[in-house]
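Open the structure in your viewer and get ready to select. This tour goes stop by stop.

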There are 4 protein chains.
Amino acid sequence: MTFVHHLRPRYAEVDVQGVVFNAHWLTYFDEASTRFFDWMGFPPAVAFFEHFDVMVVKAVLEWEGPAGFDDDVAITVTCGRMGTKSFDLVFTATCEGAPACVGTITYVSVVPGTHDSTEVPGALRTALQD
Amino acid sequence: MTFVHHLRPRYAEVDVQGVVFNAHWLTYFDEASTRFFDWMGFPPAVAFFEHFDVMVVKAVLEWEGPAGFDDDVAITVTCGRMGTKSFDLVFTATCEGAPACVGTITYVSVVPGTHDSTEVPGALRTALQD
Amino acid sequence: MTFVHHLRPRYAEVDVQGVVFNAHWLTYFDEASTRFFDWMGFPPAVAFFEHFDVMVVKAVLEWEGPAGFDDDVAITVTCGRMGTKSFDLVFTATCEGAPACVGTITYVSVVPGTHDSTEVPGALRTALQD
Amino acid sequence: MTFVHHLRPRYAEVDVQGVVFNAHWLTYFDEASTRFFDWMGFPPAVAFFEHFDVMVVKAVLEWEGPAGFDDDVAITVTCGRMGTKSFDLVFTATCEGAPACVGTITYVSVVPGTHDSTEVPGALRTALQD
């Protein structure tokens, strides 16, 4: 089963060219990751601060087409590479059905409240690999 | 002596009408307040987390003209009303010399790390009233 | 019938105090206005650029309580004052049921593509006063 | 001669972990590119809308350390790969002297006002390769 998150670009997020400014895609993918973790059974406001936490260490974004104000943006989230202390999420976004942006984001598992890397918790690893 | 902070709107902050989106003015005034506190001798990254902290409880913004990408925005900051546990800062912004936006923001003094109101510290009160 | 828009603050919108940074409320209210106009029969991406447009000239915001990451924020939108060339929308936001923020925003009707004020179009006036 | 742009993270840009939220780095690099083009003799507010324009098609970001509120962030901008219709800018950011973030951003030259790719203008190519 694949997870898809829908959102509509806000007026404030569209630039003078009429398209979503590039930085907002990282925020959209972060919002999609919030819903993705929630969907897997890890409500982020609880899970991230009490049980585990992650830090973003790398992001690769490629734009394939524009998204405009109030368009229907659909973001599919899947787990890519799974390592011992880190993993990749792959975000594939369409806008009104046309390719818009693909992002691969690398997360390192850290001890909550610190910047110290640690093994990806077993429950999270299992959920991500399902 | 009057404090003036200069900034240039970022490309990302200008909307499809070619003007700075309204919400960014609150961020600009917050940036101006950071430099204003620093100028008074309270470097914010230290002062706010160790010695005192404030919460914004009210903001009144009036727009008088537009600001565009990379324009010269000048923001004058003065202290308006001074109360026991709160005070107002007044931000008067021009863009390339023409009136742009006026904001009056009310700050409540809180115990650092809490949401509990407390008296405005004496050193801060003195500096604001000079 | 009252219009209510729900949203959840993004991780990126919460500051180091753990609460939504003040400027984002103007963006939230703008998002709520987009859905409010859509609900009244004016899909914003079409209506605003082809039929009518508005400019924000004043905003008054009062905060009554915090909102945190991924909380349920509910924003009720009603029309306040209705003038010839301008009108106010009143946004009343709760967070997890508790009062959070009230905003009154004044919009001036402008000729699309310009900054020239004009009478509020009849269809919009009728819808707002219902 | 190397171009360096300095900025200080705003309070609004720092998240609950006390570090700049990842998406803002794309905005910082965009701000640095604005000043970089200006420094080369292409004031962006004029050059981009009248003479040439660019679209971002790819961004690769790697984080090496955190940046916090009001820290001194220094961003060095250089031209990486130069193609016929596109080029890369490389942004190397330090925070208080320590490595913070490296970004490689690919820009495609487009006909102003359109999304049609075109050759990088000669004057821009020459300036970038100096």
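How many bridges join strand β2 (residues 53-63) of chain C to strand β5 (residues 98-110) of chain C? Select both strands: 10 bridges join them, and they run antiparallel. Strands (E, at least two residues) and helices (H or I, at least four) are DSSP runs, numbered from the N terminus. Two strands pair if DSSP finds at least two bridges between them.

A word on the source: this is a predicted model, where local features need pLDDT of at least 70, side-chain atom pairs count only at pLDDT 80 or more, and totals for chains, interfaces and linings use all residues. Residues are numbered from 1 along each chain as its sequence is written, chains are lettered from A and ligands numbered from 1 in the order in which they are written, and side-chain values use heavy atoms, with hydrogens and water left out.

**Stop 1: the sheet**

Stay in chain C and pick Val60(C). Opposite it, in β5(C), stands Thr104(C).

Now widen the selection to chains B and C. Here 10 strands form an open sheet with antiparallel pairing. Trace the order: β1(B)-β3(B)-β4(B)-β5(B)-β2(B)-β2(C)-β5(C)-β4(C)-β3(C)-β1(C). At the edges are β1 (3-7) of chain B and β1 (3-7) of chain C, each pairing on one side only. From one strand to the next, the twist averages 25°.

Next, select helix α3 (residues 122-129) of chain B. Helix α3 packs on the sheet and touches β3 (73-82) and β4 (86-95) of chain B. Contact means heavy atoms within 4.5 Å. The helix direction makes about 120° with that of β3(B). Such angles run from 0 to 180 degrees between N-to-C directions, with axes fitted to C-alpha atoms, for helices over the stretch in contact.

**Stop 2: the cavities**

A cavity is a set of points, on a 1 Å grid over the protein atoms alone, where a 1.4 Å probe fits but cannot get out; lining residues have an atom within 4 Å of a point. The structure holds two cavities of 30 Å³ or more.

Select His24 in chains A, B, C and D, plus Thr27(A). These lie nearest the centre of the largest cavity, which 27 residues line. About 520 Å³ of space lies in that cavity. Helix α1 (23-39) of each of chains A, B, C and D supplies at least two lining residues.

Finally, select Asn22(B), Leu26(C), Phe29(C), Asp30(C), Val56(C), Ile105(C) and Tyr107(C), which line the second largest cavity. Its volume is about 30 Å³. α1(C) gives the most to this lining, with three residues.

Conventions: 1 Å grid on protein atoms, 1.4 Å probe; cavity = no way out; pocket = protein on both sides within 12 Å on 5 of 7 lines; lining within 4 Å. Points joined across faces, edges and corners; volume = space filled by probe spheres on them.
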